[in-house]
Amino acid sequence: MKRFQELAAASIVSATLLLASQSAAIAFDAHAGYYYPEPQTNEVYISELPVANDAQKRSRAAFVIGLAAQHSKQNHAAGYHLFAKGGDLEKLIIVATGDGQYDTLYRLRALLAALTSLARSTELFARSNHPHELNFLDFCKLIGFKQVTVTNGKDIAHQIKIR
């Protein structure tokens with residue numbers, strides 16, 4: 001019986017270590033420290049919208065490229081860059097390009113609110129039943145982004161998991 005208890009205890013310790021290492025691997029953010037600092041704040045955004053049937057890696061790349069092209073046509077700099085990263089381009093990263101612009105959580109959220117206007121001008125957004133009730137994070141869910149990170153590119157980052 002004592003041998004059985006020792007084996008059971010060893011199994012529990014092994015399973016705990018395995019789960020802990022898997023959790024650490026899942027929590028690891030390969031882009032933190034490269035595109036942005038470790039996020040100081042996190043949140044989960046739950047959208048009632050389903051991911052669009054035609055949402056794929058290509059559509060997320062096209063969104064980022066299209067937005068960059070739209071910005072290049074304007075007579076002023078946008079003040080931020082967008083990047084789609086991850087194996088399936090499921091992570092959207094928004095990095096401010098100048099000091100003092102997006103240096104608080106509230107300013108980062110205001111940027112997301114401003115991006116809602118751009119999202120509403122897309123065909124995919126217009127296909128929804130009530131586009132005026134949706135926001136940028138809903139749009140991100142529609143095209144299959146699972147995470148959005150906004151940063152001032154210096155010392156502040158906010159990360160949003162989209163469900």
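Trainee: Is serine 59 buried, partly exposed or exposed?
Mentor: This is a predicted model. In it, serine 59 counts as partly exposed, because its relative accessibility is 25%, and buried would require a value under 20%.

Trainee: Where does serine 59 lie, and what does serine 59 touch?
Mentor: Serine 59 is part of helix 2. Leaving aside residues up to four places away in sequence, its contacts are Asp54 and Ile143.

Trainee: How many residues apart in sequence are serine 59 and isoleucine 143?
Mentor: They are 84 residues apart in sequence, while their C-alpha atoms are 6.8 Å apart in space.

Trainee: Which backbone oxygen lies 2.7 Å from a polar atom of the serine 59 side chain?
Mentor: That oxygen belongs to glutamine 56.

Trainee: What about helix 2 as a whole: how far does it reach?
Mentor: Helix 2 covers residues 57-72, and its 16 residues reach 23 Å from the first C-alpha to the last.

Trainee: Which residues of helix 2 are buried?
Mentor: Arg60, Phe63, Val64, Leu67 and His71 are buried. They lie on the same side of helix 2, because they cover an arc of only 90° around the axis.

Trainee: And which exposed residues are on the face turned away from that buried side?
Mentor: That face carries Arg58, Ile65 and Ser72.

Trainee: What covers the buried residues of helix 2?
Mentor: The cover includes strand 2 (80-85), strand 3 (91-96), helix 3 and helix 5 (136-142).

Trainee: Turning to the largest nonpolar core, which members touch the most others?
Mentor: Of its 33 residues, these are Phe63, Leu92, Ile94, Phe136 and Val148. Several elements each supply at least two residues of this core, including helix 2, strand 4 (147-151) and strand 5 (157-162). Apart from it lies another core, of five residues, among them Ala32, Tyr36, Val95 and Ala157.

Trainee: Why might such residues gather at all?
Mentor: In soluble globular proteins, nonpolar side chains tend to be buried together.

Trainee: What does isoleucine 94 touch?
Mentor: Not counting residues up to four places away in sequence, its contacts include Tyr80, Leu111, Phe136 and Val148.

Trainee: Last topic: is threonine 116 buried or exposed?
Mentor: Threonine 116, which lies in helix 3 (residues 105-120), is buried, because its relative accessible area is 7%. Beyond residues up to four places away in sequence, threonine 116 touches Leu134, Asn135 and Phe136.

Conventions
Residues numbered from 1 in each chain as written. Predicted model: local features only at pLDDT ≥ 70, side-chain atom pairs only at ≥ 80, totals over all residues. Heavy atoms only, no water. Helix = DSSP H or I, 4+ residues; strand = E, 2+ residues; numbered from the N terminus. Buried < 20%, exposed > 50% of the residue type's maximum accessible area, 1.4 Å probe, protein only. Contact = heavy atoms within 4.5 Å. Expected span 1.5 Å × (residues − 1). Arc of directions from axis to C-beta. Core = buried A, V, L, I, M, F, W, Y, C linked by side-chain atoms within 4.5 Å. Polar contact = N/O pair within 3.5 Å; in protein donor to acceptor, adjacent residues only side chain to side chain.
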